[in-house]
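I opened a new page for this chain. My plan was to go from single residues to the whole fold and back.

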Amino acid sequence: MALDETTEELARMAAGGDHRALGELLKRIEPDVLRHCGRILPYRQDAEEASQDTLLAVARNIGRFEGRARFTTWLHIVTANCARTTYRSLKRRSAEQSSDELPLQKPDVARVSVIAGSRLDLLDAMEALEADKPELAQALVLRDICQLDYNEVAEQLGIPLGTAKSRIHQARKYVQGALGDAYGF
């Protein structure tokens, strides 16, 4: 998300309790949040749901934004977390629906998600990584999903650049191992 200094200023004002600034901020970030959610959840309706959850989370939690890092970096994390939460919710709903009805032909869930519109195998691998090694998951999400550069990842996580690169490399190896040799990064 490449938002400008006006966005940063609106975020600081909103964090300070300015409701008008919060409204302007939400309008300003909405297209970028939707685009970012679409990278994680390619099915438009799922991305829109995650986008709305993200905007709600920003509105509820803007007071926690301290301004030490850029607002856009904070927003990346909130957006990625909301999109992944939406995925987990869709996955749970899908499992509940499928237990109630017997499908004629069961789709290969490792390849396609009719509900989430995304690659279940990749999202499941990310979920396993997050449960097993959360510090690696954070770095991978910031780099490969949020598309921050390595310096921004290191800055956001408060770690040296070399450590950030190492965590991203280790996370990619973990995910690749979970996906099998048929997939490569």
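Is S51 buried or exposed? I looked up its relative accessibility, found 2%, and so noted S51 as buried. My cut-offs: buried is under 20% relative accessible area, exposed is over 50%, and partly exposed is in between, with a 1.4 Å probe and protein chains only.

**Ground rules.** I am working on a predicted model, where local features need pLDDT of at least 70, side-chain atom pairs count only at pLDDT 80 or more, and totals for chains, interfaces and linings use all residues. Residues are numbered from 1 along each chain as its sequence is written, and side-chain values use heavy atoms, with hydrogens and water left out.

**Confidence.** I checked pLDDT, the predictor's confidence in each residue from 0 to 100. The chain has a mean of 81, and 82% of its residues reach 70 or more. I marked residues 102-118, where pLDDT stays under 50. For that stretch the model has 26 contacts beyond four places in sequence. A contact here means heavy atoms within 4.5 Å. I will be careful there, because coordinates predicted with low pLDDT should not be read in detail.

**Overall fold.** I counted eight helices and zero strands. The order from the N terminus is α-α-α-α-α-α-α-α. Helices (H or I, at least four residues) and strands (E, at least two) are DSSP runs, numbered from the N terminus. The chain has 185 residues, and 38% of them are buried. I then looked at contacts between residues at least 6 apart in sequence: 62% of these join residues at least 24 apart.

S51 sits in helix α3. Leaving out residues up to four places away in sequence, I found that S51 touches E30, V33, L34 and C37.

**Helix α1 and its ends.** Which residues of α1 are buried? I listed T7, E8, L10, A11 and A14. They lie on the same side of α1, because they cover an arc of only 160° around the axis. The arc is taken from the directions from the helix axis to the C-beta atoms.

At the start of α1, a side-chain oxygen of D4 comes within 3.2 Å of the backbone nitrogen of T6. Just after α1, G17 has a positive phi of about 105°. Then comes D18, in the loop between α1 (5-15) and α2 (19-40). Its side chain reaches the backbone nitrogen of R20 at 3.0 Å. D18 counts as partly exposed, at 25% relative accessibility.

What does A21 touch? I found L10, M13 and A14, again not counting residues up to four places away in sequence. A21 belongs to helix α2 and is buried, with a relative accessible area of 0%. The C-alpha atoms of A21 and L10 are separated by 5.3 Å, although the two are eleven residues apart along the chain.

**Salt bridges.** How many salt bridges does the whole structure hold? My search gave ten. Each is a side-chain nitrogen of Lys or Arg within 4 Å of a carboxyl oxygen of Asp or Glu.

- E5 and R70 meet at 3.1 Å, N to O. The pair links distant parts of the chain, 65 residues apart: E5 is in helix α1, R70 in the loop between α3 (44-61) and α4 (71-100). R70 is partly exposed at 33%. E5, E8 and R70 are linked in a network of salt bridges.
- R44 and E48 meet at 2.9 Å, N to O. They are four residues apart in helix α3, so about one helical turn separates them. R44 is exposed at 52%, whereas E48 is partly exposed at 33%.
- R172 and D144 meet at 2.6 Å, N to O. R172 lies in helix α8 (residues 161-179) and D144 in helix α6 (residues 134-145), so the pair ties together parts 28 residues apart in sequence. R172 is partly exposed at 24%, and D144 is partly exposed at 29%.

Technical notes: Polar contact = N/O pair within 3.5 Å; in protein donor to acceptor, adjacent residues only side chain to side chain.
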